[in-house]
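I set down here, in order, what I looked up in this structure. The entries are brief and follow the model shown below.

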Amino acid sequence: MFSGRAIRSGVNATGSHASALSKTGAASRLSSTSKPQWRGVSPQVPIGNRRWISVYGYTQSKALVYSRYGEPKDVLQLHKHSISAPHGTQVNLRLLAAPLNPADVNQIQGVYPSKPPFQTALGTQEPSAVAGNEGAFEVIATGSGARNVSKGDWVVMKQTGQGTWRTHAQLDESQLIKIENKEGLTPLQISTVSVNPVTAYRMIKDFCEWDWMRAGEEWLIQNGANSGVGRAAIQLAREWGIKTLNIVRERKTPEETEVLKKELLDLGATAVVTEAELLSGGFRNLVHDLTRQGKEPIRLALNCVGGKSATALAKTLAPGSHLVTYGAMSKQPVALPSGLLIFKNLAFDGFWVSKWGDKNPQLKENTISDVLQLTRAGRFKDIPVEEIKWNWDMDGSELISGVQETLSGYRSGKGLLCYKGQD
Ligand SMILES: NC(=O)c1ccc[n+]([C@@H]2O[C@H](COP(=O)([O-])OP(=O)(O)OC[C@H]3O[C@@H](n4cnc5c(N)ncnc54)[C@H](OP(=O)(O)O)[C@@H]3O)[C@@H](O)[C@H]2O)c1
């Protein structure tokens, strides 16, 4: 019997065999107890003409991995490896869908603060990390000690940084959040629930003491309003009786800009304006009119852009309000006029959902559950996506160019890897 995590020689995207067994942990145990069977490549049986499953019960998996930081097109590789049958509390998973988020690319570039450790556990030639932080998986097998999840359940990973861009994975059940009632939900909805909606939810709830007696009379303002986070913020605010003033970048033509504005208005945005309008001289008057001559205060600003856009958001805030920065898409620093700090007593905060989730695991689960409840009720709409179908036989190039596109801007939808293979 083999034990431990699945680890034997892999074949990378170019077809060459990756180095032998990992030198660490489970892999060492595997090599000492089962060495003769793992010298070279194990016998394999074709399933149809698509995938191969080892006669020893190992599942074949492919993962997008990187062993150094850089642009995805330069450093990502598709790596093939085996996963053993799960034992104890281990769980084997098959990917349903995984989004390509800006932070995932920043992580690959090496400019993101959380850096998954580079390891040889999957039998890569060099120590590597599996890319991706968010995704929905289906449980395909459980070890005899698993109590919380069963075959057929849908799960997401409890923490970010676990590597979601892979067709299959083996994790301990303690690393997973089970979706309690997947009825009526889609892989897209589950795969995109744990980062962006949770970020929007927590920023709105935790950085402002809304006066619930004034429901419908208080505002939040945000830039990047068409992002995943922005769309979630619009819908949650609508549910909670908070008006939203939303900033988007102009599209190529006025007609396209109007289409985008309408999309957000349909989600429940109170008003949508372009970045050019935000930075124009007339914006002050526009805000004055929208807020009934200031009688309805703007009490929270959500900033994922930085630079002049962030400064302009801050200027609209009522005294004592908060501006929360959670992204830096323009790569420009946030510059704040001193008067806003001195005379308006504004507070400037940052929020990072990864850190927050690690500190508040139960609250994170509750937040996910709340959002999924709204989704089931048809009150939380899907984000627009560009599906990238991941078939077993694909080489990595199409997947990797999808990743490379993630930060290109003005996109009609977020990239979503959808695995179409079998267990
Ligand atoms: N701190 C956290 O915990 C946390 C959690 C989730 C996300 N985030 C951050 O939130 C931001 C949005 O993430 P997401 O996944 O929601 O994004 P997304 O759905 O992929 O959308 C990207 C957004 O960024 C905008 N954008 C791209 N380049 C820009 C630029 N140079 N200047 C201004 N806007 C630009 C896009 O506008 P166009 O359509 O006009 O290109 C779009 O609104 C990212 O910075 C991400 O890292 C942070």
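How many bridges join strand β12 to strand β15, and do these strands run parallel or antiparallel? I noted four bridges between β12 (residues 219-222) and β15 (residues 298-303), and the two strands run parallel. The model is a predicted one. Within this pair, I found Ile 221 opposite Ala 301 of β15.

Entry on the ligand. I listed 25 residues around the ligand, and the closest are Ser 227, Gly 228, Arg 249, Gly 327 and Val 353. By type, the shell holds 12 nonpolar, 10 polar and three charged residues. The helices α3 (102-109), α5 (196-206) and α6 (228-239) each contribute at least two residues to the shell. I also checked the domains: the ligand lies between domain 2 (59-192 + 383-419) and domain 3 (196-354), because both give residues to its shell.

Entry on Ser 194. I located Ser 194 in the loop between α4 (187-191) and α5. Is Ser 194 buried or exposed? It has 26 C-beta neighbours inside 10 Å and therefore counts as buried. Leaving aside residues up to four places away in sequence, I found Ser 194 touching Glu 134, Val 156 and Ile 368. Met 157 is 37 residues from Ser 194 in sequence, yet their C-alpha atoms are 8.6 Å apart.

Methods
Residues are numbered from 1 along each chain as its sequence is written. This is a predicted model: local features need pLDDT of at least 70, side-chain atom pairs count only at pLDDT 80 or more; totals for chains, interfaces and linings use all residues. A residue is near a molecule or strand if its C-beta atom, placed from the backbone, lies within 6 Å of it. Ala, Val, Leu, Ile, Met, Phe, Trp, Tyr, Cys and Pro count as nonpolar, Asp, Glu, Lys and Arg as charged, and the others, Gly among them, as polar. Domain bounds come from an automatic or database domain assignment. A residue is buried if 20 or more other C-beta atoms lie within 10 Å of its own, exposed if 12 or fewer, and partly exposed in between; C-beta atoms are placed from the backbone. Two residues are in contact if their C-beta atoms, placed from the backbone, lie within 7 Å. Two strands pair if DSSP finds at least two bridges between them.
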